[in-house]
Amino acid sequence: MKVDYVHDVQTAYRKLLDCLAKPGTIHSLRPESAALDLPVACYKSTMMLMLMFLDPEVSFHIIGRRQGDAERYVTQLSGARVSPLGEADFVFVLKDRDQGALIEAIQASKLGDLVAPHLSATVIVEVEKNTAHDELLLSGPGIQWVSPTSIITDAEFVDSRAAKNVEYPLGIEMLFVDEDHRLFAIPRTTTISKVR
Amino acid sequence: MNKYNFAFFDEQSKREIRRALLKAVAIPGYQVPFASREMPIARGWGTGGLQVMLAIVGKKDVIKVIDQGSDDSVNAVSIRKFIKQMTGVLETAETSEASIVQSRHRVPEVPLTGEQILILQVPIPEPLRETEQSELRAKRLHAEKEYSGVWLSLFEQIMKYGCTATGADHPTMVHERYVMSPSPIPRYDNRKLNDCAALILFGAGREKKIYALPPYTKVESLAFVDRPFVSESMHGKICRLCGAEGVFLDESVQAAGAGPFYECNDTGYCRQRQSSKSRLDRGEKSGD
């Protein structure tokens with residue numbers, strides 16, 4: 001089955017919108033992205049997000065072992081500009097990244113400013129697994145009470161993210177995709193606390 | 001064969017609006033600028049709401065479009081027909097059946113659920129516009145959370161009229177950070193924005209701004225401690241068609257000598273109540 005670049009991207013976007021509006025919600029992008037077959041060394045759902053976001057109006061940065069090849073291909077595909085980490089609108093942190101690369105990406109990604117806080121980066125992270133276990137508790141807009149979640153990735157990301165987003169409305173959005181196409185999103189307004 | 005793209009826009013236009021919407025959801029109440037497109041209806045007639053709708057709508061959606069509470073007014077009918085023509089989606093007049101509700105100046109009476117999205121059309125998204133004409137200075141005021149101009153404007157209304165005289169579009173504080181225009185909904189509807197289960201998206205096509213309220217976001221109508229926020233009173237008024245009380249009603253004047261009469265402003269809600277009532281009158285079970 002081939003990917004429908006109009007309707008599959010639309011349904012994937014609605015799932016993402018739901019994830020971001022209701023942090024803690026996990027949606028599967030399998031129906032939309034499973035049929036994607038593009039020569040980039042990333043998850044298929046990450047590729048779907050690239051198709052959703054990237055065009056000549058925005059810039060991106062990829063962090064991974066085959067960064068150069070991936071960036072060249074995605075530029076040809078989308079027309080989006082490759083930018084240094086600190087200037088990119090979208091930062092893709094792939095699964096085969098080096099140790100500590102996620103923390104570095106969080107620290108260095110752009111924040112916008114108080115007049116234009118929307119000019120901050122959106123960081124897309126490939127993780128081992130997104131589940132609804134209660135290792136992390138989320139609170140903030142979009143969450144009625146608290147929402148339990150578990151993101152199996154670099155453990156220190158919670159503290160780095162909190163430090164990055166300390167001066168609301170400045171902050172970054174983080175989207176997490178796992179190998180099984182599960183999508184999870186945390187906007188800057190979400191507070192994450194660790195369950196002891 | 002359809003001569004137009006699905007949902008009218010090319011994919012790059014949708015991407016632009018979709019990206020803006022994501023940042024809007026991430027920063028509740030903050031106005032995200034976007035490249036507003038030319039639409040086949042005039043600016044000021046709901047192009048912002050329409051663009052948001054076309055950027056998110058999919059084949060499986062069921063849409064409802066209302067204008068000042070009515071499913072049948074010219075603006076609502078035109079927009080609904082256009083969306084249907086461009087997408088082929090189903091339409092409904094019942095709020096509970098819709099996955100996306102586009103509205104001009106009302107929040108439906110039937111409480112929205114977490115599975116629904118409400119899109120509000122916005123003529124003037126900047127709540128500081130009355131006191132600050134410069135766009136750049138207004139942005140700086142938002143950046144510094146400097147809202148004394150809005151407070152002063154409300155204070156002056158109280159001094160002049162004895163109460164706030166905003167009518168519609170009474171400014172709100174969102175997530176304790178941004179003062180936001182709720183669009184020209186009546187004050188009666190402001191409370192529905194607070195802690196709403198649905199995602200609410202605001203589109204201002206002429207002013208090229210998009211903003212949003214994620215579900216369960218704190219939205220407070222601006223008011224003073226000694227002058228609390230007061231919405232329009234519907235006390236003692238009843239819809240003459242369906243008998244509803246405690247909903248937002250339109251007042252109409254009868255022939256000389258007779259008093260005014262009232263009808264539900266939300267026509268979909270009123271029709272639903274009337275049909276339930278007539279079913280009950282016929283002795284059928286409610287909900288059949």
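Start at B:Phe8, in the segment before α1 of chain B. This is a predicted model, and in it the phi angle of B:Phe8 is near 70°. That is a positive value in a residue other than glycine.

Next, select helix α1 of chain B, residues 11-26, together with helix α2 of chain B, residues 47-56. Their axes come within 9 Å and cross at roughly 100°. Angles of 65 to 115 degrees count as roughly perpendicular, so α1(B) is roughly perpendicular to α2(B). From α1(B), the contact takes B:Lys14, B:Ile17, B:Arg18 and B:Leu21. From α2(B) come B:Gln51, B:Val52, B:Leu54, B:Ala55 and B:Ile56. Sorted by class, this contact has six nonpolar residues, one polar residue and two charged residues.

Stay in chain B and go to B:Ser221, in strand β10, residues 219-221. Which side chain is joined to that of B:Ser221 by a polar contact of 3.1 Å? The partner is B:Asn190. Now display the surroundings of B:Ser221: leaving aside residues up to four places away in sequence, it touches B:His170, B:Pro171, B:Thr172, B:Asn190 and B:Phe229.

Switch to chain A and find the loop between α6 (157-164) and β8 (173-178), where A:Pro169 is placed. Look at the peptide bond between A:Tyr168 and A:Pro169: it is cis, with omega about 10°.

Now select α1(A) and α3(A), whose axes are 10 Å apart and which pack at an angle of about 100°. That angle makes α1(A) roughly perpendicular to α3(A). On the α1(A) side, pick A:Asp8, A:Val9, A:Ala12, A:Tyr13 and A:Leu16. On the α3(A) side, pick A:Met48, A:Leu49, A:Met52 and A:Phe53. Eight of the residues in this contact are nonpolar, none is polar and one is charged.

Keep both chains in view for the last stop, the interface. Here 39 residues of chain A are in contact with 37 residues of chain B. Which residues of chain A lose the most area to chain B? They are A:Tyr13, A:Arg14 and A:His118, which together account for 19% of what that side buries. A:Tyr13 is a residue already selected, in the contact of α1(A) with α3(A).

The size of an interface is often given as the accessible area lost when the parts come together. Between chain A and chain B, the buried area is about 3300 Å². Carbon and sulfur atoms give 63% of it.

Polar contacts across the interface number 18 residue pairs, with both residues at pLDDT 80 or more.

Finally, color the side of chain A that touches chain B by element. Those giving two or more residues are α1 (7-21) and α3 (44-53) of chain A. The largest share, nine residues, comes from α1(A). By class, this side of chain A has 25 nonpolar, eight polar and six charged residues.

Note on methods:
Residues numbered from 1 in each chain as written. Chains lettered and ligands numbered in written order. Heavy atoms only, no water. Contact = heavy atoms within 4.5 Å. Buried area = accessible area lost by both parts, 1.4 Å probe. Polar contact = N/O pair within 3.5 Å; in protein donor to acceptor, adjacent residues only side chain to side chain. Helix = DSSP H or I, 4+ residues; strand = E, 2+ residues; numbered from the N terminus. Nonpolar A, V, L, I, M, F, W, Y, C, P; charged D, E, K, R; others polar. Axes fitted to C-alpha atoms, helices over the stretch in contact; angles between N-to-C directions. Parallel < 35°, antiparallel > 145°, perpendicular 65-115°, else oblique.
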